[in-house]
Amino acid sequence: MSKKIVVIGETGYGKTTLLAAIKNIFKGEFTDPKDIENIDSRYDVKLSYGGEEYEFFDFSKAEDYAENIDGTEICAVLVIDSCEGPCSSTREQIEICIEKGIVNFVIFMNKWDLIDDDYLMKVCEGETREVFDEEGIFSDDVPAVWGSAKKALSDPNSNWGYFITKLVEKVLSEF
Ligand SMILES: Nc1nc2c(ncn2[C@@H]2O[C@H](COP(=O)(O)OP(=O)(O)OP(=O)(O)O)[C@@H](O)[C@H]2O)c(=O)[nH]1
Ligand SMILES: [Mg+2]
């Protein structure tokens with residue numbers, strides 16, 4: 001049976017772009033094939049890794065969270081736009097995941113390409129961790145990976161692609 005992973009995050013933070021990059025780098029397939037250029041479309045990605053099948057679900061629409069998360073997911077990847085930081089929907093989405101029984105989270109600090117100063121990235125990551133702590137998830141246990149989904153999508157063989165590999169391997173190996 002496939003292991004399931006949900007990708008959550010505020011609209012425009014880069015969930016669908018991240019899934020497109022993952023699909024490319026891990027030579028996965030779309031369970032619902034759509035034009036890769038059309039990043040507004042909702043699609044899910046399936047890939048094989050280490051003899052296991054994994055399915056990633058893109059929950060771009062708020063109502064999807066409650067309906068489609070059933071707690072069997074091995075983890076939720078929270079995509080943060082590092083220029084914006086966590087927002088009210090971030091908290092709401094984390095709460096829904098917890099209510100549904102998801103216990104593992106990974107933070108993807110996206111849009112690193114737009115931020116020159118690592119200090120600002122650290123501040124943004126810290127603000128995101130605070131939300132987890134306030135929701136009762138000990139944030140020291142939540143891995144965070146910095147990267148750029150957009151850069152990784154356009155240049156998968158670059159360091160940007162490597163950060164996506166790191167993110168996915170963390171997700172697949174830890175949970
Ligand atoms: N500069 C930059 N832009 C990015 C990055 N990732 C995504 N974007 C852009 O951000 C915009 C939103 O990306 P999407 O992947 O559609 O975001 P989403 O989270 O799926 O949004 P919804 O489906 O509306 O919830 C697009 O214009 C992307 O090209 C990144 O790493 N860097
Ligand atoms: Mg989307």
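**Close-up 1. The surroundings of ligand 1 in this predicted model.** Count the residues around ligand 1 and you get 19, with Gly14, Thr16, Ser60, Ser148 and Lys150 the closest. Two elements each give two or more residues to this shell: helix 1 (15–25) and helix 5 (149–154). What kinds of residues make up the shell around ligand 1? By class, there are 9 polar, 6 charged and 4 nonpolar ones.

**Close-up 2. Helix 3 and its two sides.** Helix 3 runs over residues 88–100, so look for 13 residues here; from first C-alpha to last it reaches 19 Å, close to the 18 Å expected at 1.5 Å a residue. Thr90, Gln93, Ile94 and Cys97 are the buried ones to look for in helix 3. Why do they sit on the same side of helix 3? Because they cover an arc of only 100° around the axis. Just after helix 3 comes glycine 101, with a positive phi of about 105°.

**Close-up 3. Strand 2 meets strand 3.** Strand 2 (residues 29–30) and strand 3 (residues 45–49) run antiparallel, joined by 2 bridges.

**Close-up 4. The hairpin of strand 3 and strand 4.** Here 5 bridges link strand 3 to strand 4 (residues 52–58), and the two run antiparallel. Check out leucine 47, which stands opposite tyrosine 54 in strand 4. The hairpin has 2 residues between its strands, and glycine 50 takes a positive phi near 55° there.

Technical notes
Residues numbered from 1 in each chain as written. Chains lettered and ligands numbered in written order. Predicted model: local features only at pLDDT ≥ 70, side-chain atom pairs only at ≥ 80, totals over all residues. Near = placed C-beta within 6 Å. Helix = DSSP H or I, 4+ residues; strand = E, 2+ residues; numbered from the N terminus. Nonpolar A, V, L, I, M, F, W, Y, C, P; charged D, E, K, R; others polar. Buried ≥ 20, exposed ≤ 12 C-beta atoms within 10 Å, placed from the backbone. Arc of directions from axis to C-beta. Pairing = 2+ DSSP bridges.
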